[in-house]
Amino acid sequence: MTPFDRSFFLARKDIVGIVILSALLIVILPLALDSFRLQMVGKYLTYAFVALGLVLCWGYAGILSLGQGIFFGLGGYCMAMYLKLEASSVENTKIQSTPGIPDFMDWNQLTELPYFWRPFHSFGFTTLAIVAVPAIFAGIIGFAMFKRRVGGVYFSIITQAIASILTILIIGQQGYTGGINGITDLRTLHGWDIRTDAAKSILYFVCVGLLLASILLAYYVKSSKLGRILVAMRDKEDRVRFSGYDVANFKVFIFCLSAILSAIGGAMFTLQVGFMSPSFVGTVPSIEMVIYCAVGGRLSLLGAVYGTLLVSWAKTSLSESFPELWLFGLGGLFIAVVLVFPNGLAGLYQTYVAPHLGKVFGLKPKTPSGAPAVAE
Amino acid sequence: MFMDYSLGDLGSIFVMQAFAGLILFSIFVLMALGLAIIFGQMGVINMAHGEFMILGAYMTYLTSNLFQTYLPSLYSIYFFVAMAVAFLASGALGLLVEWSMIRFLYKRPLDTLLATWGLSLILQQSYRSIFGAREVGVELPPWMMGSLPVTGTIEVQINGLFVMGLTVVITLSVYLLLYRSSWGKQVRAVMQNRVMAGAVGINTEKTDRYTFGLGCGIAGIAGSAFTMIGSTGPTAGQLYIVDTFLVVVFGGAQSLLGVIASAFTISQAQSTLEFFLSGSMAKVLTLLGVVVILMIRPQGLFTIKVRR
């Protein structure tokens, strides 16, 4: 692709894609769905943040993290802690033996707020924490691993282990975290009731806005020089290293960025659904998030969003009516994506739909540049 | 925490705890051996390894029911039959899986992870549909129950001893098969350089298939051994998979000795910590220790030097 094909960092087809997605999310879905279904779409979109992060770090940089649930959870828990503190004001909790602390702490015989909960009284701190905590955490993991050149499969297994450690920790430390039930019964944000339908649709639009902003950011990263180094690194890491780049730093950066995206998704999830629990942190949800990204297409940023929407929608509707079939379906999907269409829906689109569209609209179809047939 | 016990009690507690650790160690070794072959030798990330174990456990459950109904007089030896059935069933499923999906993915290790995860979901749901969501257990034959008193305060469970014996036998067989037989030589040749092995006349496809089948079969035996210690449910496999991978990676994926050493370290650390802390905190600390050591020494404890 020559530099003249794009304006700033978006190619023409990217702009068309983003406009179509925005129209779908902002206009079509809100008009077509009732508020219950729309809230559900809003919930799915929070996973799309994770899938977006995975496209960047797995599709473009070749780092498959099986622990994105960690960051989704960290963001979600930060938000949940703030909301929980607001819901546990002294008058709300006056039946407890020590009023003013969250109910599960009271049940677990904690008499005062743990020190790491205290800063979450402040909304500013919470917003900062949602971004900073996962970024720092990912930074530590990333530096420790990439500087020692732990990569590929080993990185995946270790992130998976960390996700399972964190889940055990959250479940084990009931008094501080709410245990297996998580942090529930969240009511207001700054005195604004988040449980009403009106609030939920506002939150939906906030979520869409953040998602679109994240997509633009991801496109920017992808098309910048950094993005090209990432792709080069994925394909021939040693050659990039020998050219004088410090490969580890780029990997850490992209891993942190994907962690931050996941955490924003987690925080929006807590806001829209009204609780956070360890069942969104562990290895199973983390791998499910990978499948969202794989189904959409591991090399396509927009594909990740569609993949997430489709798979989560299929999950909800199938597991409502045929609970047994769902796991067969999901399992089959994993296998099919890997064996039959490794580049996901976006790959299918590129191969089968785009050339025909090109004929119809008289556009010259472009072969995707820099995309290997199968990415590892 | 030491003040409440007398010195003698403390000694017995440590011995008992060490024994519990040894049982855990045997189970870890059994779980990890199959994976060490599949992941360490072949480089395939088999996320369905736990489900292959559970298949072995269910086969044992079926065999025990069969013996109870039709051959009650032979019930005391059912376990040996069950192990063979478990090995064959898991091994056969392994062959089928290798033939239908793994063989297309040898060049894409991360994709084997996704595909086998899908397989594990399908297997879990199949178990749930066939055997029900409830956990099932088997009845041990009388000679396996009870415990042997060693001293007044120390006693060891017979089924624990049996699992340990079984582990020794299986480990030795795997060692002989991989390092002392001509088939093992072929396996290692294929794993180190598939193209070259093919060029000198080794049927690499067949070797791959049977190696994968062997790994899955051993998982089946591990599952069979599980039934002596606890009950089995459709999702039990998922509980073990992270541990099993850590054992293999920690030991240095390609080394059999490494797997044993790392299983020993992890199990002893966990069972000793469990006595002082809650079970979940012991597990957290052990896993955390393993992760930190892996960050310092990414290749694991024991590695074979190979040119890459």
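This is a predicted model: local features need pLDDT of at least 70, side-chain atom pairs count only at pLDDT 80 or more; totals for chains, interfaces and linings use all residues.
**Ground rules.** I number residues from 1 along each chain as its sequence is written, and I letter chains from A and number ligands from 1 in the order in which they are written. Local features need pLDDT of at least 70 and side-chain atom pairs count only at pLDDT 80 or more, while totals for chains, interfaces and linings use all residues; side-chain values use heavy atoms, with hydrogens and water left out.

**Entry: annotated spans, chain A.** I looked up "transmembrane region" in UniProt, where the entry is unreviewed. UniProt positions are in the numbering used here, feature names are shortened, and annotations may be inferred rather than shown by experiment. I then checked two of these spans in the model. Residues 242–269 of chain A are 86% helix and 0% strand, with end C-alpha atoms 42 Å apart. Residues 289–313 of chain A are 84% helix and 0% strand, and here the end C-alpha atoms lie 14 Å apart. Helices (H or I, at least four residues) and strands (E, at least two) are DSSP runs, numbered from the N terminus.

**Entry: annotated spans, chain B.** For chain B, the unreviewed UniProt entry gives "transmembrane region" for residues 12–40, 52–71, 77–97, 158–178, 212–233, 239–263 and 275–296. Residues 12–40 of chain B are 100% helix and 0% strand. Their end C-alpha atoms are 38 Å apart. Residues 77–97 of chain B come out at 95% helix and 0% strand, with 31 Å between the end C-alpha atoms.

**Entry: helix α12 of chain A.** I compared its length with the expected span (1.5 Å times one less than the number of residues). The 14 residues of α12(A) should span 20 Å, and the end C-alpha atoms are 20 Å apart, which agrees. Of those 14 residues, 13 are buried, so α12(A) is largely enclosed by the rest of the structure. Buried means under 20% relative accessible area, exposed over 50%, and partly exposed in between (1.4 Å probe, protein chains only). Just after α12(A), G297(A) has a positive phi of about 120 degrees.

**Entry: helix α14 of chain A.** This helix covers residues 323–339. Its 17 residues should span 24 Å, and the end C-alpha atoms are 25 Å apart, which agrees. Which residues of α14(A) are buried? They are W326(A), L327(A), L330(A), G331(A), F334(A), I335(A), V337(A) and V338(A). Down the axis of α14(A), these fall within an arc of 170 degrees, so they line one face of the helix. The arc is taken from the directions from the helix axis to the C-beta atoms. The cover over them includes α12 (283–296) and α13 (301–321) of chain A and α4 (109–131) of chain B.

**Entry: I26(A).** This residue lies in helix α1 (residues 12–32) of chain A. At 37% relative accessibility, I26(A) counts as partly exposed. Beyond its neighbours within four places in sequence, I26(A) is in contact (heavy atoms within 4.5 Å) with F205(A), V208(A) and L212(A). I also noted G209(A), 183 residues away along the chain, with its C-alpha atom 8.9 Å from that of I26(A).

**Entry: D185(A).** I found D185(A) in the loop between α7 (174–177) and β3 (188–189) of chain A. D185(A) is not a glycine, yet has a positive phi of about 60 degrees. Its relative accessible area is 35%, so D185(A) is partly exposed.

- D14(A) and K13(A) pair at 3.8 Å, N to O. D14(A) is buried at 9% relative accessibility, while K13(A) is partly exposed at 46%.
- R241(A) and D238(A) pair at 3.1 Å, N to O. They sit 3 residues apart in helix α10 (residues 237–242) of chain A, so about one helical turn separates them. E237(A), D238(A), R241(A) and K251(A) are linked in a salt-bridge network.
- D111(B) and R108(B) pair with their closest N and O atoms 2.8 Å apart. D111(B) is buried at 0% relative accessibility, and R108(B) is buried at 13%.

**Entry: E51(B).** This residue is in helix α2 (residues 49–70) of chain B. E51(B) is buried but has no salt bridge. Which side chain of opposite charge is nearest to E51(B)? It is R128(B), 8.5 Å away. Lys and Arg count as positive and Asp and Glu as negative; His and the chain ends are not counted. Leaving out residues up to four places away in sequence, E51(B) touches S120(B), L123(B), Q124(B), Y127(B), G237(B) and Q238(B).

How values were computed. A salt bridge is a side-chain nitrogen of Lys or Arg within 4 Å of a carboxyl oxygen of Asp or Glu.
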